[in-house]
Structure formats: structure tokens, C-alpha cells
Amino acid sequence: MRSSSSPALKVLLSVLCVVAVGLVGPGCRRAVKPDLGVDRTVEAGVPQQFGSAQEGAGAVTWDFGDGTPSQTASQAFHAFARAGTYTVRALDGSEEVGRVQLTVVPRPVLRAIPEDATVAFYVPRIADAVAPLAGFYEKLVGPDMARAQIESTPFLPLLLESVRGTASRVVDAEEGFGVFAVPSFDGSVVLLGIQDGPPAMERVLKEFESAGRPVQRLEDGSARVEFDDEPAGLVFLDRGYLYVALPEAPEVKEGEPVKAQAVAAPDAQALRRHVVGFQGAGLSESPMLARLRGRVQEGSVYAFLGTSKPDEKDPIPGFMASLRVKEDRAELEGFLASDKPLLEGKPGPVPALLSRAPMGPVASAMVSVPAEQMANWLIGAPGSERRMEALTKMTARGLDGEGLIGALRGDLTLLVYFDAPAFYRNFITNKRPEPRGSVLLEAGLTRSEPVVAVVTKALEGSSWSVEKGAERGTTRFRGRVLEQPVVLLVGPDRLSLQAGEALEGRPAGDVGGALRERFGAGAFGPSHLSLMVDLGRLRADLDAPQQVPGVPPAQLGAAKAFGGAFLDQVTPFDHAFMDFSPEEGGARLRGRVVLRKD
């Protein structure tokens, strides 16, 4: 059967070959249909593969549907610069032999940052964030200073032009912008989502050149940028993002040759290979980032810090914060992850000063932590080199360092007040707009003797004229500093200081309660670190006096007008607040900056 059928099979193959020659030319080959894959979603800037390189694959013309030139080959690679929906077609002459639909989406900035990044500051979407941030900053520091700083910073002019529509569309406003660091590179890396790589890169290089930085364009498509006192930087493109690697100068070591230090400078080309070579989701799927992301509010700008090698001795594996800007307000929220309870789970002491103090401070600061933690912050942890050095210096001066540490209770409170009548009297008399007011400071103590010894020692041989006295277990130091009266009282359970003008005319009350009502429950309370600066209150104090003894009404009116105008010219700032406190799983940071309303 086999021998009788072989001639017939050969004849059939010959006929098919003749037909094929007529259709595709000399030679008989097996046609391979172009492989375009299935309809899918891809990221802008990331090259896509079409067709096949296997033997027998015929060349076709690839029409990518995005207005770019077609390619003729059996296999093609193409990256789509902009988000959108595109139909890719394979053409054999005028005949379509295959098609696929691609939905192109912006490439998230976190997918363009390597997964081992330990620091990342990033804007997820340029279109949403850059203009509000720039507008807020311009109001905060003034248009002239903001413009000068923006124009001197690479990328920022291009970013602003892109979102304002005044530049060619080389920046992808739907993608992101950021700065990151990786353990293998001593320096920082800036990245920017772009639509058209070469023009964007050339624009940035020209910015460097206009600033007097020599630029060397390299054959591999990257560019080297020289700096005066720093190692050369490197500008390069990868998958829809423009990167600028900025190495840090190596630490100068005494006795080491300069040439050896130059060799040890960070390798920007190695950083480039690291960025170009990594695959996958990058930093976007970092377990630590995922752990922290749900603990902060949505924002325009984010900051992330994580450890490259978790250490059981280090209970702080990561931190994340978001900044949200809206009109005249910037709000910060951060979360510090901790594998162990912060402050060892111990509550901080209750600050006594805030429960009853003169109302209306223009600035307030409070720290409430366990006593040992307070000592760790001031002179270092037990057994640390910093602590040993501090204790040695105290001993050499005849002070009981360990006794002083044990005398601290762990709370410290500061209140600052503005005295408008005293300000106007001094201004009218001396023609100088010097601030006038009072400062109250209080620290909790467990015993007074070590503190008295430290203060006494510090005053020995000083030029200050200080009167020292004692009464009912309290030591009093009285003198003048910068022409202002200062009284320091050291008692068994607290240190109290008052400097500046008298405060008898102000009503006293629960300042802590008023601050918590304004800034949220827990603020300015036990186990919190809280800070507030209120220039809105300062403006109200300046405007309040209707008469000041010894100051003619006409002169008072002129002085009030000058004071208000001067403060408004100096800063548009109304108030700022920040609070840091332990929370389950770590600690929370809250803050805000509010500008005055015109």
C-alpha cells in the first residue's frame, strides 16, 4: 500500500508547489500567519512584540495605528507613547492578514521605580498635582522667589509648561514624577513620565547646558552631565520615563589620595543598567508599601521610606506620608510602621502647664514621652557612643549626668505670646518694629538638685547678671537676657521659666483643651509631640488695641496699619500645626499649613 501511494503523494506535492510558486514566487515554503496575540491592555512606553522570528515567518507590513511610520519585517517591536486605544494591523501588500486591539494606559510611576528602592518621593499623576503644588508654593514664598527656584531646578519648568499647555507634548501629564534611591547607588535618581523620549531628553539637556553644566551625549543614547564639585550625572530613557541619576560625592577621608576617591565615586552607568534591566511591577507591589499605603489619606504627593534588609534590632521597617494640597491649605498625613510598641508601650506624663495658662498663645510646642525616651533623644541611648561622650563631658565639668537624666519626668511645654501694647510703645518710642511678648516654658521633674547644679554651673563665669535665691524648696534664678526679664524656678516636681513682658492682663484657662478642640483630640496631650504656630492670632493681636497708654491715638493708628501691612508682606502664612503620636502598629503624623484668605 505504501509503495503504490508514494508516487501519487509526490505528484500532489509538486502540484501544490507549482501553485505556491505562482502565488508567492520561486521556492516552496510553508506560510506562517503573523502572531499578534489577543486584544489586551498595555502600558505606555513599554515595547510590545508583534509577529514571530521563527524560521518560515514571512515579512509583513506593521501598521501600529498611532500615526508612527509602519515597519516591514516578520517581527516588530513598538512602544506606544500615549494612552488610548489602537488597532495594530499586519498587511501583506494591501491585504490585511491579522489585527489586534491594544488599550494603552499610563505607566504608573511606581512601576518605573526599581523594587529595591528604599526611598521614594513621587507624584502619581502630573496633571493632578503639579499645578496646585506650584500655586501653593508661589503663594507661600512669593511669585519671584518661586519662579527663580523653579527655573533653576531641572524638570520643573518642563513640568509646569506641560500641565499649562504652553509646551510641546513631550511630558505625559497622565503619568508621574518622582525621586528615589536604591542601596546599590550612592545618590538620588529623578524620573519623569514622557510621551516623546528624544525631544524630552534634549530639552532637559539644554536646561543643564544653559545653567553652565557641560553635557556629553553618548553613543548608547544616554548623556553625561558634569557638575562643579560633584560626580558626573547621567540622563537616560527607559520604557516611557526619563531618568537623571545624580551621584553623591564620596566622603573625603583624611590621608586617602584624591585619585582613589574619584575611582570610588558612584557608578551612574551601573545604576542605568539596574533600571533598564529590572522587570515586573517595580516598587508598586512592595509588601512594605502595601502595608503602609492604606494607613494614609489620598494625596497629590507621597513619600516612602523602607529598609533594604529588615533587622530584628530595628523595630521601624518603614514610613509613608501623603501631602494633599487644596487652594490655600496643605495637609500632611504619615504613618510610621513599628514591629514593637513605640515608647515601649508606656504613656507619657501629663503636661501640667497647658491645663491652666494665659489664653491666646501665638506658638505652642509640647513633648510628652517616658523619661528614659526623653533622655535617649537628648544624649543618646544607654551604652551608645553619643551617651558615653555626653556623660564623660558632664563628669569633667563636675556634673552628675546620671542624676540629671533621672531627674527628667519626660514632658516639656513651651508657650509663646505676643504683647501688642508693648510692641506699639517700643515702635513709637524707638522707631524699631521689634517683637515684644512672653515665653513660658515648663519641664516636669522627679527631683530638683541635679537640675539646680547644672543651671548654676552654666551661669558661672557668664556675662549675665543673675540673682539666685531659694524659698520653700524652690530655687529661683532672676536676671535679664537681651534686655528682657527672665525668671527660672526649679522646684521638686517642675522647672518653670518666664521671659519677656508680664502676662497679668491675659485671662487664664485650659489652653490644652482649646488646642485639642482646634486641632483634634489627643493633640497636646500625653504621649504626643505637638507643635503649633498661629500668625492669624498674631494679626488679631496687632489689630486689637484701641488705645495704648502713652501712645497718641493718631500714632497708634499709623503703627497698626504699618504692623499689619508689614506682616502681610513678610508672609501669607496663617497657621501651621503638626502632631506625632503612637498608634496601634506604629505612630501617626498629622500636619497642616494654612495660608490667610485674601
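**View 1. Phe-418, Phe-423, Tyr-424, Phe-427, Phe-562 and Phe-566 make up one aromatic cluster.** Rings of Phe, Tyr and Trp (its six-membered ring) pair if their centres lie within 6.5 Å; planes under 30 degrees apart are called stacked, over 60 edge-to-face, and the rest tilted. This is a predicted model, in which local features need pLDDT of at least 70 and side-chain atom pairs count only at pLDDT 80 or more, while totals for chains, interfaces and linings use all residues. Residues are numbered from 1 along each chain as its sequence is written, and side-chain values use heavy atoms, with hydrogens and water left out. By the ring rule, the count comes to 14 aromatic pairs.

**View 2. Phe-50 and Phe-64 form a tilted aromatic pair.** Their ring centres are 6.0 Å apart, and the angle between the planes is 45°. Helices (H or I, at least four residues) and strands (E, at least two) are DSSP runs, numbered from the N terminus. Buried means under 20% relative accessible area, exposed over 50%, and partly exposed in between (1.4 Å probe, protein chains only). Phe-50 counts as buried because its relative accessibility is 0%. Phe-64 is also buried, with a relative accessible area of 0%.

**View 3. Phe-562 and Phe-566 form a stacked aromatic pair.** The centres are 5.9 Å apart, with 15° between the planes. Both residues lie in helix H16 (residues 553–570), and because they are 4 residues apart there, about one helical turn separates them. Phe-562 has 36% relative accessibility and so counts as partly exposed. Phe-566, at 41%, is likewise partly exposed.

**View 4. The largest nonpolar core has 31 residues.** A nonpolar core is a set of buried Ala, Val, Leu, Ile, Met, Phe, Trp, Tyr and Cys residues joined through side-chain atoms within 4.5 Å. The residues with the most contacts inside this core are Ile-113, Tyr-122, Phe-180, Leu-191, Tyr-243, Leu-271 and Leu-283. Among the elements that each supply at least two of its residues are strand E8 (119–123), strand E10 (187–193), helix H7 (268–277) and strand E17 (329–337). Apart from this core lies another, of 28 residues, including Phe-177, Leu-192, Ala-223 and Val-244. In soluble globular proteins, nonpolar side chains tend to be buried together.

**View 5. Phe-180 has contacts with several residues.** Contact means heavy atoms within 4.5 Å. Leaving out residues up to four places away in sequence, Phe-180 touches, among others, Ile-113, Pro-114, Val-119, Leu-191, Tyr-243 and Val-275.

**View 6. Two arginines sit over aromatic rings.** A charge sits over a ring if NZ of Lys or CZ of Arg is within 6 Å of the ring centre and within 35 degrees of the ring normal. The charged end of Arg-239 is placed over the ring of Phe-278, 4.9 Å from its centre. Arg-295 lies over the face of Phe-335, at 4.0 Å from the ring centre.

**View 7. Strand E19 (residues 363–368) pairs with strand E20 (residues 408–418) and with strand E27 (residues 529–534).** Two strands pair if DSSP finds at least two bridges between them. E19 and E20 run antiparallel and are joined by 6 bridges, while E19 and E27 are antiparallel over 5 bridges. Val-367 stands opposite Leu-412 in E20 and opposite Leu-529 in E27.

**View 8. Glu-327 and Arg-472 have positive phi values.** Most residues other than glycine have a negative phi, and most peptide bonds are trans. Phi is about 55° for Glu-327, which is in the loop between strand E16 (318–326) and E17. For Arg-472 phi is near 55°; this residue lies in the loop between strand E22 (466–471) and strand E23 (474–481). Glu-327 is exposed, at 66% relative accessibility, and Arg-472 is exposed, at 81%.

**View 9. Residues 1–5 have pLDDT below 50, and residues 8–30 stay under 50.** pLDDT is the predictor's confidence in each residue, from 0 to 100. The protein averages 86, and 90% of the residues score at least 70. Beyond near neighbours in sequence, residues 1–5 have 0 contacts in the model. For residues 8–30 the model has 5 contacts beyond four places in sequence. Where pLDDT is low, the predicted coordinates should not be read in detail.
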